[in-house]
Amino acid sequence: MSFTGASISTGIGSVSNAVGSGTTQATIDLNGVASGQTITINLAAVNDGVNTNDVTVRMAVLIGDTTANGTVNSSDIAQSKAGSGQAIAASNFRTDVTVNGTINSSDISLVKSKSGTGASL
Ligand SMILES: [Ca+2]
């Protein structure tokens, strides 16, 4: 697969880097993506060896939504508290909202600060 570039076509944020053209995996780094929105990332002129088209991917962004249901509320706070002190794994990585490799009070505080926010998914 090859592509010529990437951009955010809807939503607040920007692409800082796009790599992987010529491989089987594209990695798109983003900057300034606001919480509480769904963005659309456009991968330009994707060629699979036969066809060439732009490819879009939608992604919802909501800081603190550890339960992934589109709102931040007491269930997210409870999940963060329950996960505090646990090792990061595939089953609980969403609870590490500060993305520092541990689940602790900093994650609980961030989730609490976002309680009441939501995003349309
Ligand atoms: Ca939630």
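Predicted model: local features only at pLDDT ≥ 70, side-chain atom pairs only at ≥ 80, totals over all residues.
In strand S5, Ala 60 is the bridge partner of Thr 38. Strand S4 covers residues 37–47 and pairs with S5 in the antiparallel sense over 9 bridges. A further bridge of S5 joins Val 55 to Leu 43. The two strands form a hairpin with 4 residues between them, and Gly 49 in the turn has a positive phi of about 100°.

Strand S4 also has a partner in S1, with which it pairs in the antiparallel sense over 5 bridges. Here Thr 10 has Thr 40 of S4 as its bridge partner. Taken together, these pairings give an open sheet of 3 strands in the order S1-S4-S5, with antiparallel pairing. S1 (5–10) and S5 (52–61) stand at the edges, and because each has a single partner strand, one side of each is left without a neighbour in the sheet. Neighbouring strands of the sheet are turned by 25° against each other on average, direction ignored.

The sheet may now be placed in the chain as a whole. The secondary structure of the protein chain comes to 2 helices and 5 strands, and from the N terminus on the elements run β-β-β-β-β-α-α. The chain is divided into domain 1, residues 5–61, and domain 2, residues 74–114. The centres of domain 1 and domain 2, taken over C-alpha atoms, are separated by 27 Å. Along its principal axes, the C-alpha trace spans about 50 × 30 × 20 Å. Of the 121 residues of the chain, 16% count as buried. Among contacts between residues at least 6 apart in sequence, 46% join residues at least 24 apart.

Another strand, S2, comprises residues 14–19 and includes Asn 17. Asn 17 is exposed, because 10 other C-beta atoms lie within 10 Å, and the cut-off for an exposed residue is 12 or fewer. The C-alpha atom of Asn 17 is separated by 7.2 Å from that of Leu 30, although the two are 13 residues apart along the chain.

The largest nonpolar core has 5 residues, namely Leu 62, Val 72, Val 97, Ile 108 and Val 111. Among these, Val 72 touches Leu 62 and Val 111. Not counting residues up to four places away in sequence, Val 72 also touches Gly 64, Asp 65, Lys 114, Ser 115, Gly 116 and Thr 117.

Most residues other than glycine have a negative phi. Ala 68, however, has a positive phi of about 60° although it is not a glycine. Ala 68 lies in the loop between S5 and helix H1 (74–83), and it counts as exposed because it has 10 C-beta neighbours inside 10 Å. Val 99 likewise has a positive phi, of about 55°, although it is not a glycine. Val 99 lies in the loop between H1 and helix H2 (105–114). With 8 other C-beta atoms within 10 Å, Val 99 is therefore exposed.

Methods: Residues numbered from 1 in each chain as written. Pairing = 2+ DSSP bridges. Axes fitted to C-alpha atoms, helices over the stretch in contact; angles between N-to-C directions. Domains from an automatic or database assignment. Buried ≥ 20, exposed ≤ 12 C-beta atoms within 10 Å, placed from the backbone. Contact = placed C-beta atoms within 7 Å. Core = buried A, V, L, I, M, F, W, Y, C linked by C-beta atoms within 7 Å.
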